[in-house]
Amino acid sequence: MPELPEVETTVRGLAKVLLGRELRRVELRRADLRRAFPAGLGQRLTGARVTRLGRRGKYGLIGTDRGDTMVFHLGMSGKWRIDPKEIGPHDHLLLETDEDLIVVLNDPRRFGSVDLVPTAELDDWGPLAELGPEPGDISTADLRERLRGRAAPIKSLLLDQRIVAGLGNIYVCEALHRAHINPKRSAGRLSPASAERLADAIRDVIGEAIEAGGSTLRDYARPNGELGYFSKRFAVYDREGQPCLSCEAPVRRIVQGGRSTFYCPKCQR
DNA sequence: AGATATTCCTGGAGGC
DNA sequence: TGCCTCCAGGAATATC
């Protein structure tokens, strides 16, 4: 589920109920997700006050007044449920606030992660330090510089979080379609005009998706915590064989680096 | 450097 | 209805 816009929407939803609150109770309902929960997570969070909700790439950040920041990644199936009616089998981490409100990290596939990092060291913490720029900030010049000399297909490189942080399979496909770039094109061989269209497309696609996610914030508080993608807005993703929204040629699906790529062979040459 | 495969998991979709 | 296979929004790791 989660790429950057979904994480951003999640963080905004969590901010409404967590920001400024004291965490009265922390319950670990299992010992690990992708990795073990950090040692002492419960003790270090219990009694702490939440001072910040943030995001970097696909990582969500929950800062506390104890000098720690909880860093979460939602993996493939992670989501936060706000004030659920009941706790289910995939509810792995539970936070209860001083307003008696419960938020739960739910992740059936358990590809997600939770870490606790000293806030002062956050920017230097390995996984965050390696991330490329935020897609909302990417400039044409910066993007060109990062792609320069790279022979790999542009699709594959855009999935690399060190190039641009936060893009996933869906929004990479969508951005390339908007920019009229063939996903197989060698990244370092993009024309300046193409690179500019790509930087614009990345900014626009992500911006619109956040905006769309933002409009579901009201619904976010539902106990099932479903966010959902605005799939009707996808021009190519998961639309194999269906007509391209621009030119009506059938959308094609190929596999690159083991991941599905959807594109329009006519618009994206 | 790049490409490919594999791994971690569960659940939903579709075939028979 | 049930059983099977395949596939999925991520990302680290190994191997050629």
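Which residue in β7 is the bridge partner of E96? In this predicted model, that partner is I102. On β7, L105 is in turn the bridge partner of W80, and β5 and β7 are paired in the antiparallel sense over four bridges.

These pairings form part of an open sheet of four strands, arranged in the order β1-β6-β7-β5 with antiparallel pairing. Its edges are formed by β1 (23-28) and β5 (79-82), each of which pairs on one side only. On average, neighbouring strands of the sheet are turned by 20° against each other, direction ignored. Helix α1 (residues 4-18) lies across β1, β5, β6 and β7 and runs at about 35° to β5. Both faces of β5 are covered, with K79 and R81 buried on one side and W80 and I82 buried on the other.

The protein also contacts DNA strand B. Sugar or phosphate accounts for 59% of the atoms of DNA strand B within 4 Å of the protein, and bases for the rest.

An N or O atom in the side chain of H90 is 2.6 Å from a phosphate oxygen of DNA strand B, whereas a backbone N or O atom of P108 lies 3.4 Å from a sugar or linking oxygen. For R109, an N or O atom of the side chain is 2.9 Å from a base oxygen of DNA strand B.

How values were computed
Residues are numbered from 1 along each chain as its sequence is written. Chains are lettered from A and ligands numbered from 1 in the order in which they are written. This is a predicted model: local features need pLDDT of at least 70, side-chain atom pairs count only at pLDDT 80 or more; totals for chains, interfaces and linings use all residues. Side-chain values use heavy atoms; hydrogens and water are left out. Two strands pair if DSSP finds at least two bridges between them. Helices (H or I, at least four residues) and strands (E, at least two) are DSSP runs, numbered from the N terminus. Axes are lines fitted to C-alpha atoms, for helices over the stretch in contact, and angles run from 0 to 180 degrees between N-to-C directions. Contact means heavy atoms within 4.5 Å. Buried means under 20% relative accessible area, exposed over 50%, partly exposed in between (1.4 Å probe, protein chains only). A residue is near a molecule or strand if one of its heavy atoms lies within 4 Å of it. A polar contact is a pair of N or O atoms within 3.5 Å; within protein, one must be able to donate a hydrogen and the other to accept it, and residues adjacent in sequence count only if both atoms are side-chain atoms.
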